[in-house]
Amino acid sequence: SEATGQRMRMTELASRVLESKSRLSHHIGRLQADGLVRRESCPNDLRGLFAVLTPAGRRLLRRAAPDHVDSVRTHFIDHLDPSQLRSLADALGSVADHLELGDPDQPEGECGGLTRPGPAQEASHPPSRSKV
């Protein structure tokens, strides 16, 4: 939902959610059957596909996000102090760096290459309950 155009290359999405391309394809297939996601071809790479969030998917995400954020805060964030959150962000940043699974043979450009997530956000100020 946060990707530009609310679409992401399937290989990048698989990497970001730490799933095999095959397993992600099955998940996307179920979401597609429910009308929440659609697949689009990549004009520059005939093998490439994008997962694109549909309007119905955006509506469902908007409805579910506040409860999800509240649950994560209640059961996780609220039990850690700012120092622990900073340490956790640092530790998980190192793990994310290790798990970066970019394909060096993948062409660059609109349909190719992985884009690296931004640096870990400052954990001393956890997000407010109203933000998703």
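**Entry 1: Asp-78 and its partner**

I started with Asp-78, which is partly exposed, with a relative accessible area of 40%. I was working in a predicted model, so I note that here at the outset. What does Asp-78 pair with? I found a salt bridge from Asp-78 to Arg-73, with 3.4 Å between the closest N and O atoms. Next I looked up how open Arg-73 is, and at 12% relative accessibility it counts as buried. The cut-off for buried is under 20%, so the 12% of Arg-73 falls within it.

I also looked for salt bridges that share partners, and they join Arg-7, Arg-38 and Glu-40 into one network.

**Entry 2: the whole search**

How many salt bridges does a search of the whole structure find? I got 7.

**Entry 3: a pair in helix 1**

I turned to Arg-16 and found that it forms a salt bridge with Glu-12. Their closest N and O atoms are 2.7 Å apart. Why are these two separated by about one helical turn? They are 4 residues apart in helix 1, which covers residues 10-16, so about one turn of the helix separates them.

Is Glu-12 buried or exposed? I read a relative accessible area of 8% for Glu-12, so I wrote it down as buried. Arg-16 is partly exposed, and its relative accessible area is 36%.

**Entry 4: Arg-23 and Glu-19**

Here I checked a salt bridge between Arg-23 and Glu-19, where the closest N and O atoms lie 3.9 Å apart. The cut-off is within 4 Å, so a pair at 3.9 Å still counts. Arg-23 is exposed, at 51% relative accessible area. Glu-19 has 22% relative accessibility and counts as partly exposed.

**Entry 5: positive phi angles**

I then went looking at backbone angles. Gln-6 sits in the segment before strand 1, which spans 7-9. With 23% relative accessibility, Gln-6 counts as partly exposed.

Leu-18 is another non-glycine residue with a positive phi, this one near 55°. Where is Leu-18 found? I traced it to the loop between helix 1 and helix 2, the latter being residues 21-33. Leu-18 counts as exposed, with 53% relative accessibility. Exposed means over 50%, so Leu-18 at 53% passes that cut-off.

How values were computed:
Residues numbered from 1 in each chain as written. Predicted model: local features only at pLDDT ≥ 70, side-chain atom pairs only at ≥ 80, totals over all residues. Heavy atoms only, no water. Salt bridge = Lys/Arg side-chain N within 4 Å of Asp/Glu carboxyl O. Buried < 20%, exposed > 50% of the residue type's maximum accessible area, 1.4 Å probe, protein only.
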